[in-house]
Amino acid sequence: MNDRSKTPTSVASTASDQPEPVTSVASTASAVAAGRDAAVAALASAGEAGTPVRFVGAATKLGWGVPVADSGVIEIRTDGLDRLLEHNEGDLTAIVEAGLPLAEAQRAFAEADQELLLDPPDSAGTATIGGVIAAGDSGPLRNRYGGPRDLVLGVQVGLSDGSVARAGGKVIKNVAGYDLSKLFTGSLGSLGLILELSLRLHPKPPATATAAGETTEPATLAAAALELAKAPLEARCLDLRFGGGDSALLARFGGAAPRSGAQAAARLMERAGLQTSLVDPDDEVWERQREGQRSSAGTALRVSTLPSRFAGLVSTAQRLDARVVARTNLGLAWVVLEDRSPAEAAAAVGELRRELSPAPCSVVDAPAEVRSLIDAWALPAPGPLALMQRVKDRFDPAGVCRPSLS
Amino acid sequence: MKLLDELRRIVGAEHLLTHHQQLRTYESDGLLQYAASPRAVVLPGTAEEVREVVAACHAAGVPWVARGAGSGLSGGALPVEEGILIALTRLRRILDVNLDDARVTVEPGVTNIEVSNAVAPTHTYPPDPSSQIVCSIGGNVAENSGGAHCFKYGFTSNYVTGLEVVLPDGEMLWLGGSELDPPGLDLTGAFVGSEGTLGVATKAILRVIPAPEAVRTLVAFFSSPTHAGEVVSGIVSQGIVPAAIEMMDNLSIQAAEGATGAGYPTDAGAALVVELDGREDECEERFDSIVSLCEEAGADSIRVAGDEAERAVIWKTRKAAFAAMGRISPNYFVQDSVIPRTKLAEVLGQIDDLASEHELRVANVFHAGDGNLHPLVLYDGNVEGEPERAEELAGLIVKACVDAGGSITGEHGVGVDKKRYMPDQFSEPDLAAFQRLRCAFDPDGLANPGKVMPTPRLCGEVPGPYRRHPLEEAGLAERM
């Protein structure tokens with residue numbers, strides 16, 4: 001965060017009970033105020049002045065989306081918007097401010113043996129809930145419980161014309177009004193600033209157990225993944241990892257009888273020709289899956305495809321000497337390209353896109369030299385994109401929120 | 001008239017209904033209090049015909065309403081007087097079943113149960129509204145329908161990955177697709193539950209899941225809903241997520257028992273249906289805990305379904321409760337409010353008090369796991385003053401639920417029936433934000449006008465890009 005706070009102009013919003021002056025002022029704009037009011041006012045001012053803004057939590061996913069020019073863009077930070085406003089244990093719901101770090105919230109929920117079923121890569125433990133939701137990021141838990149879009153019950157947003165609006169609510173079932181929570185989830189801040197989120201929680205299982213099945217054959221791995229996806233296992237997580245001479249299918253279970261679940265999965269893996277074992281303790285193996293979605297020095301892509309196309313995905317990855325982490329049930333995969341020159345990485349991205357077409361492949365991490373050689377972010381088709389732009393024009397009438405949609 | 005000629009050309013004379021006798025069938029949806037006669041009912045046979053019909057309405061500036069099976073309970077498919085009603089009942093093909101990827105592609109007129117049947121026995125489509133035998137996927141998409149099993153499995157919105165839609169200006173395009181997380185805004189998520197006001201879906205790609213290995217179901221009877229509520233709290237606090245937790249109060253038990261003859265004790269204060277599903281051993285262990293919880297809470301009796309037939313009886317009786325209400329009351333208003341589950345006892349007490357004050361009876365049948373109440377305000381339309389008292393009572397119940405932190409509707413939708421309560425739940429800027437979405441899709445306000453929003457609104461022009469004032473240009477003034 002600190003390395004980002006000098007350029008561009010940074011506007012931090014601070015909690016109302018701990019006012020803190022903002023000193024960072026550049027030529028174009030400044031704002032000094034407290035809490036959400038500061039954020040809302042800064043956005044309104046930017047809207048009025050026509051100055052581009054971007055919203056920043058822990059700055060862990062700033063490279064996502066259509067590239068944003070750094071100069072002349074005001075950053076509105078959510079550092080001060082970090083309160084856990086409600087944790088309704090009996091209702092399994094919570095209301096949080098957007099800048100609350102996910103890891104911190106999870107610690108609070110865990111005290112009641114509950115959890116937000118959202119486990120995106122977050123090795124530093126700084127990622128904010130608002131940032132994770134705005135980026136639509138997720139981890140292995142998505143297998144069973146849906147993505148961020150499925151866990152957000154309500155949202156409060158600030159818009160570039162200075163208005164603040166809520167949608168949804170704090171009950172787990174609610175169809176009153178339009179589902180703006182889903183519209184803002186994954187919007188990357190292109191419509192406005194998420195201020196507050198209402199979330200559905202789940203009971204945290206007392207124990208987990210994981211079955212692993214290994215093979216050196218990509219085709220065997222992909223076929224086994226399809227078999228497991230079709231079985232009524234109710235696995236908490238179902239992933240594969242591939243690359244660097246290490247490939248395996250992983251199935252994690254929670255609930256009342258996790259071990260027997262893992263054993264059932266292991267039997268299916270064995271029948272599909274994998275070498276199986278039970279992993280205990282299993283936290284580390286899943287932490288690796290999460291981290292496998294990102295790359296600090298290399299290039300990482302997020303691929304939206306379908307389970308039946310994993311065989312092709314894995315063999316392409318093998319040819320490109322890439323690492324893969326995938327949610328086998330969901331058709332989501334992350335491909336990481338490391339140890340190669342920018343030109344080689346760019347060529348590999350191109351080949352991957354050709355091989356996996358029409359699956360969109362978006363770059364989530366890449367060195368600047370690689371980004372300069374490719375269109376990093378996959379765009380929607382022209383028809384939907386035009387409609388998305390019309391939606392943006394209504395929510396962001398000033399047209400200042402970045403990233404843009406195209 | 002010109003539009004009708006155009007519609008006749010598109011769908012053929014036999015699929016354009018204009019005679020007032022034919023139109024009567026379409027005057028109301030499942031909520032019979034509201035009726036309106038459209039100028040014509042058009043029954044397109046293909047997605048392309050839907051597109052042409054919508055484009056023709058757009059060219060003529062005539063409003064239209066899309067209708068599926070007409071089983072909705074909020075007046076969402078109520079025709080616009082003198083508008084066009086587009087009935088999608090002829091679009092009922094299942095286009096693709098792909099179990100490797102757990103996707104099914106259907107036309108909007110396909111019924112909910114047909115999706116599950118198409119993927120049985122290995123897979124199932126979880127959203128299961130009580131009307132699932134008749135209600136259509138198009139209607140489910142419009143209303144974001146839930147059902148008894150959504151406590152564990154979620155709602156229609158969680159199972160729609162892509163939609164082919166026709167926008168109100170006649171443009172046809174795909175929102176989303178088979179894949180998850182496509183780039184750009186989640187317009188699929190915004191469209192599901194938009195109650196037909198953003199356009200009409202002509203194809204839906206649905207996610208199905210492997211059918212659970214085991215299902216265990218019980219019904220337990222208690223002296224009061226409060227006692228049954230203790231079991232619900234116990235289940236939740238033990239970290240159990242049942243597939244369904246349903247409650248019926250005494251009046252609902254009486255009505256439903258009359259309809260199905262399941263042998264339920266008609267003097268019981270509450271019946272609690274709990275269903276667990278999942279892996280066999282997981283189910284067994286959890287099910288034993290639930291039986292213990294029922295015993296501890298003082299259940300008068302517990303019936304465990306021994307086989308699929310006994311389970312079917314339990315569900316048939318639960319799902320019959322609405323329709324059976326006619327057995328104990330000539331008329332009733334259905335409400336669909338939601339409360340935080342922990343406020344159950346408190347709000348049920350308030351409903352009791354309100355009912356006594358209004359000298360009326362309120363039956364309750366509800367999804368207890370997620371706090372979705374279905375208070376049924378019973379009245380006799382032939383007794384002077386009763387309908388008005390009942391309507392007032394229904395409104396007060398909705399307000400009590402919103403005040404408790406809840407919602408005016410959990411699964412039936414706002415439609416025409418609950419739009420007057422929208423300001424109880426949402427402020428003016430919230431409603432204005434909803435209108436932004438609507439205007440992006442339907443700037444002319446032709447798609448299902450008069451629904452969802454409490455008062456009619458027009459869409460303004462999208463403001464142009466900001467231009468600096470000449471004084472600012474000259475450095476003589478600034479805005480911050």
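Residues are numbered from 1 along each chain as its sequence is written, while chains are lettered from A and ligands numbered from 1 in the order in which they are written.

**Confidence in chain A**
- Chain A has a mean pLDDT of 91, with 92% of its residues at 70 or more; pLDDT is the predictor's confidence in each residue, from 0 to 100.
- Two stretches of chain A stay under 50: residues 1–7, with eight contacts beyond four places in sequence, and residues 14–33, with 42 such contacts.
- Where pLDDT is low, the predicted coordinates should not be read in detail.

**Where the chains meet**
- On chain A, 79 residues are in contact with 78 residues of chain B (a contact means C-beta atoms, placed from the backbone, within 7 Å).
- H13(A) gives the most to the side of chain A that touches chain B, supplying ten residues.
- That side of chain A splits into 40 nonpolar, 24 polar and 15 charged residues. Here Ala, Val, Leu, Ile, Met, Phe, Trp, Tyr, Cys and Pro count as nonpolar, Asp, Glu, Lys and Arg as charged, and the others, Gly among them, as polar.

**A sheet in chain A**
- Five strands of chain A make an open, antiparallel sheet in the order E4-E5-E9-E7-E8. Helices (H or I, at least four residues) and strands (E, at least two) are DSSP runs, numbered from the N terminus, and two strands pair if DSSP finds at least two bridges between them.
- E4 (84–88) and E8 of chain A stand at the edges with a single partner strand each, so one side of each has no neighbour in the sheet.
- Inside the sheet, E5 (93–97) and E9 (193–200) of chain A run antiparallel and are joined by five bridges; A:Val96 stands opposite A:Leu197 in E9(A).
- H1(A) lies across E7 (152–158), E8 and E9 of chain A, at about 135° to E9(A). Axes are lines fitted to C-alpha atoms, for helices over the stretch in contact, and angles run from 0 to 180 degrees between N-to-C directions.
- H2 (102–110) of chain A lies across E4 and E5 of chain A, at about 30° to E4(A).

**Domains of chain B**
- Chain B divides into domain 1 (94–210), domain 2 (214–323) and domain 3 (329–403), with bounds from an automatic or database domain assignment.
- The C-alpha centres of domain 1 and domain 3 of chain B are 31 Å apart.

Methods
This is a predicted model: local features need pLDDT of at least 70, side-chain atom pairs count only at pLDDT 80 or more; totals for chains, interfaces and linings use all residues.
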